[in-house]
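Have the structure open as you read.

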Amino acid sequence: MSGTEVALLRLATTVAGAAAKALLTPRPGAGLVPDPVRPLPRPAKPDRLAKVLAGRVSESYADLPEHERLAALVSVQDTLAAGVLDADRLFALELDPERLRAELSAPAAGLSARSLDLYEDLLGRCCAHLVEQLTAHPSFAARAAVEQVRAAGRTRDLVEDVRGRVGPRPDAADLEFEGRYAEFIANANARVELFGLTLGRSAGGWPLETAYIGLEVSGEYGTVDRLGLDHPVRTTVRIEQALGERDRLLLRGPAGSGKSTLVQWLALNAARQSLGSELADWNRCVPFVLRLRAFTAQESLPAPADFLRAAGVPLHGSAPAGWADRMMQQGRALVLVDGVDEVPDRLRKRTERWLKDLIVAYPAAKYVVTTRPSAVPETWLSDSGFEPHTLLAMRQEDVRAFVGHWHRAAKSECRSEEEHAELDRYENALRRAVGTRRDLGAARDEPADVRPALRTEPGPPDAAAPGAQGAVRRGARHAAGPARHGARDRRGGGRRPDPRGADGAAPAAGVLADP
């Protein structure tokens with residue numbers, strides 16, 4: 001056996017001995033008791049490690065003279081023999097072989113540059129094998145678990161110490177209130193009524209996410225011609241795309257087109273942080289729902305500090321001072337202004353000034369404003385960066401989805417299998433009626449009555465129902481039989497259709513109107 005081979009075997013033996021020492025002193029388990037009952041497995045023999053190291057020497061250092069190889073090998077052996085290689089040290093170094101090599105490295109004086117390279121190379125490999133043997137030992141998992149628990153405890157103590165020094169987070173009160181407010185908005189907007197739909201009816205209405213279907217809008221989008229010139233072209237897009245590409249949107253649509261329902265849907269999903277990928281950035285927003293009809297009798301429109309009180313949110317007294325102002329300044333506010341058309345003509349200039357002042361003061365917030373087209377021109381607020389978009393009529397597939405979502409919402413809370421089966425019959429009858437009758441097919445050519453298929457107030461009588469609103473009502477009556485007039489309209493004091501058919505049964509669907 002050559003001198004190099006002897007030196008390699010001695011070095012491997014030293015590593016094996018160090019591993020035996022590091023292997024938890026040297027008992028199985030976590031090393032927490034002095035007399036464990038299980039015997040320690042036999043340590044690995046050094047022969048295999050000696051072969052690995054010999055292969056590395058012959059592969060990369062064959063040109064190194066024998067005496068320089070021996071000097072490097074002896075220096076590595078001396079380094080490992082002199083170092084403290086117990087489990088505590090290895091865990092303190094996070095089981096990182098490179099950190100262990102850097103700490104142990106102490107080459108003998110007088111080594112040549114090539115011998116020094118061999119020294120560092122072999123020392124690193126020995127450290128890696130040492131850590132590998134430790135982690136392969138049966139007791140490693142138990143000891144590692146103990147170390148993890150202890151490290152977590154130290155981290156917790158450090159965090160508590162820092163928290164005690166610096167005090168609570170400056171925005172802790174804001175975050176706590178934001179959570180309460182989001183829960184309130186989500187609960188307040190989670191359910192809606194489907195008027196005329198009585199089977200399976202609950203006092204609180206039906207889940208919004210079950211009944212809602214998406215809207216389509218038209219707006220002007222720039223396209224570049226072959227000469228490189230930008231031309232605005234009126235394009236049809238889904239409402240989510242339009243909102244995702246704009247921070248300020250003026251949404252125009254006639255009565256029953258779904259404007260107020262969209263506001264409710266945006267508030268619900270922003271509060272739940274459940275908007276889809278096109279509106280992912282809106283999930284960080286805090287929604288403020290401002291229905292303008294509630295402010296017509298007030299001397300002035302609310303500033304952010306009064307948003308919650310003006311909107312009738314019972315939590316307004318609990319909001320931290322300046323909370324709404326901070327949300328607006330940070331660009332986390334989603335201001336949903338519903339119903340410009342419900343503002344009397346004499347007050348619309350005041351509403352316009354109020355909106356423009358909000359935008360000047362809080363340009364980073366997001367704004368969605370809804371109105372009927374007859375109330376303000378399409379260019380209203382365009383100088384403040386608002387992009388006008390118009391809600392479109394339902395297509396045939398939208399009508400089918402409308403009917404399906406509507407009935408699905410009611411079926412979700414049916415009280416019996418009989419009611420569920422009856423709703424199935426009504427739904428099928430309404431689908432056939434809408435598909436075959438010309439007057440009902442007009443639903444495709446007029447604004448969709450609550451394309452999201454819902455509303456929180458009843459609409460006017462059938463005679464006044466616009467477009468799809470009247471068409472689907474007529475389809476519901478056609479599917480279920482002639483309606484009887486009986487219940488009084490809450491808004492106009494007139495008569496509105498009884499939601500039951502001539503035989504007393506509830507029709508498959510009624511229509512929900514926007515104001």
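Start with strand 5 (residues 248-252), which pairs with strand 8 in the parallel sense over five bridges; two strands pair if DSSP finds at least two bridges between them. Within this pairing, Leu250 stands opposite Val369 in strand 8. Helices (H or I, at least four residues) and strands (E, at least two) are DSSP runs, numbered from the N terminus.

Before going on, a word on the source: this is a predicted model, in which local features need pLDDT of at least 70 and side-chain atom pairs count only at pLDDT 80 or more, while totals for chains, interfaces and linings use all residues. Residues are numbered from 1 along each chain as its sequence is written, and side-chain values use heavy atoms, with hydrogens and water left out.

Strand 8 has another partner to look at: strand 7 (residues 333-338) pairs with strand 8, again in the parallel sense, over four bridges. Here Leu336 has Val368 as its bridge partner. How many residues of strand 8 (residues 366-371) are buried? Six of its six are, where buried means under 20% relative accessible area, exposed over 50%, and partly exposed in between (1.4 Å probe, protein chains only). Lys366, Val368 and Thr370 point one way from the strand, Tyr367, Val369 and Thr371 point the other way, and all are buried.

Now turn to a helix pair. The axes of helix 2 (residues 47-60) and helix 6 (residues 113-136) come within 11 Å and cross at roughly 150 degrees. Axes are lines fitted to C-alpha atoms, for helices over the stretch in contact, and angles run from 0 to 180 degrees between N-to-C directions. The two helices are therefore roughly antiparallel to each other, a term for angles over 145 degrees. Among the residues in contact (heavy atoms within 4.5 Å), Leu49, Val52 and Arg56 are included from helix 2, and Leu118, Asp121 and Arg125 from helix 6.

Finally, visit the loop between helix 4 (87-92) and helix 5 (97-104), where Glu94 is found. Most residues other than glycine have a negative phi. Glu94, however, has a positive phi, near 55 degrees, and is exposed, with a relative accessible area of 62%. Leu95 lies in that loop between helix 4 and helix 5 too; its phi is also positive, near 55 degrees, and Leu95 is partly exposed at 21%.

Stepping back, the protein chain has 18 helices and eleven strands, and buried residues make up 47% of its 515 residues.

Key: Angles under 35 degrees count as roughly parallel, over 145 as roughly antiparallel, 65 to 115 as roughly perpendicular and the rest as oblique.
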